[in-house]
Amino acid sequence: MSEKILILTDKRDPHPTPVFKLFKEQNVSFFRLNTECLMTDYSFAWYHDGKSAPDFYVKELATGRCIWGHEIISVWYRKPDFPQFLLYQVDEEIDKHNMKECRQFFIYLMYYLSDIYSIGNHFYDKRANSKMIQSKIAYELGMRIAPTCMSNCKDDVVSFSKDFENVGLKCLRNHWAKNNEGLYYDLCTQKVPSHSLAEQPEESFAQTVVFAQEYIEKKYELRVTVMGPHIFTCKLDSQAQTALTGAVDWRQGYDHGLKHEIVETSEEIRTFCQQYLRRLNLNFGCFDFIVTPEDELLFLECNPNGQWGWIEDVCHVPMSEAMADCLLNRLPV
């Protein structure tokens, strides 16, 4: 039987390229499915005749390359998106209906694949993205977390924040927004004095969900990428940056010389990350930690499908090799 690795992503995603290069060098068979183009670039069918196990295929129209469900040994949920396009435009309302049907099929297929070994997982990633679940599991595993409040009520947020000098205001999910003039805003973490919240109008709270945490001062930060048994810990010297170039939110340091350094993974971090991912039935996660001026470790979050390519590029560590190893050999955490 032919064995293949299925990668679910989109056309714009460069992240899998070095992994694909390794697969080709090792003669590993793989299939890239750009999910936003499911209806325009592929033909597919799912079968069950009632007599044998169900199966499906997806065929790339441009090349004729094909993958069958029974061939798949592992799945990389790299950057899957809902189908976005139809091959023909018929009628606006009919097209909307047809697109809903396409997306429902896609959801069915993602759940159908959920039992196969995976990096990322359509079923488990959704739960693992919850900041509430993340905080709960970290607490239960004995890791320090920042006091947190999510609310649409000004009184609750103000009351929560009164014991802290500063709070960090964050987005739950979307880190950018566009106004009516088409201008984009990068919504990074903001460090604000707690007393200033009482001065804000009620509608600033009632119009959204305010995600507030005690702002914990940092010595530096850690980005820990776990791929099965492989763990890469990168020290981010965020506090050498200014408040607007990464000291508050290290993501702002990308274009401002933020220093990266691969460091040894402590046993505390290794044990915590492994236990955390096992609790969520995941084989991959990108963890963010703070190390305080007192050298205490504090958990911020875990992205179950986070970015890591830039760390490999900057620090020259074999992360693509680790990813390929996990997908080919189905390595658990």
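This is a predicted model: local features need pLDDT of at least 70, side-chain atom pairs count only at pLDDT 80 or more; totals for chains, interfaces and linings use all residues.

**Salt bridges**

Let me begin with K131 and E301, whose side chains meet in a salt bridge at 2.3 Å, N to O. K131 belongs to helix α5 (residues 131-140) and E301 to strand β18 (residues 297-303), so this pair ties together parts that are 170 residues apart in sequence. Helices (H or I, at least four residues) and strands (E, at least two) are DSSP runs, numbered from the N terminus. A salt bridge here is a side-chain nitrogen of Lys or Arg within 4 Å of a carboxyl oxygen of Asp or Glu. E301 itself is partly exposed, with a relative accessible area of 26%. On this scale, buried means under 20% relative accessible area, exposed means over 50%, and partly exposed lies in between, with a 1.4 Å probe and protein chains only.

Residues are numbered from 1 along each chain as its sequence is written, and side-chain values use heavy atoms, with hydrogens and water left out.

How many salt bridges does a search of the whole structure find? The search finds 16. A further one joins E140 and R279, at 2.4 Å, N to O. E140 lies in helix α5 and R279 in helix α9 (residues 267-279), so here the parts tied together are 139 residues apart in sequence. E140 is partly exposed at 40% relative accessibility, and R279 is partly exposed at 38%.

Salt bridges with shared partners also join E92, E93 and K96 into one network. Within it, K96 pairs with E93, their closest N and O atoms being 3.5 Å apart. Both residues lie in helix α3, three residues apart, about one turn of the helix. K96 is partly exposed, with a relative accessible area of 43%.

**Aromatic rings**

I turn now to the rings. A pair of aromatic rings is described by the distance of the centres and the angle of the planes. Rings of Phe, Tyr and Trp (its six-membered ring) pair if their centres lie within 6.5 Å; planes under 30 degrees apart count as stacked, over 60 as edge-to-face, and the rest as tilted. The count by this rule comes to 25 aromatic pairs.

One of these is W46 with Y112, an edge-to-face pair with 5.9 Å centre to centre and 90 degrees between the planes. Why does this pair tie together parts that are 66 residues apart in sequence? The reason is that W46 lies in strand β3 (residues 42-47), whereas Y112 lies in helix α3 (residues 92-112). W46 is partly exposed at 39% relative accessible area, and Y112 is partly exposed at 35%.

The rings of F123 and Y124 have centres 4.9 Å apart and planes at 85 degrees, so this pair is edge-to-face. F123 is partly exposed, with a relative accessible area of 43%; for Y124, also partly exposed, the value is 26%. Elsewhere, ring pairs link F272, Y276, F287, F289 and F299 into a cluster.

A charge can also be placed against a ring: K235 lies over the face of Y220, at 4.5 Å from the ring centre. The rule requires NZ of Lys or CZ of Arg within 6 Å of the ring centre and within 35 degrees of the ring normal.

**Cysteines and one histidine**

C273, by contrast, is buried, at 0%. The sulfur of C273 is 7.2 Å from the closest cysteine sulfur, in C302, which is too far for a bond.

Finally, H260 is placed in strand β16 (residues 260-263). At 15% relative accessibility, H260 counts as buried. The C-alpha atoms of H260 and L222 are separated by 9.5 Å, the two residues being 38 residues apart along the chain.

Thank you for your attention.

How values were computed. A disulfide is a pair of cysteine sulfur atoms within 2.5 Å.
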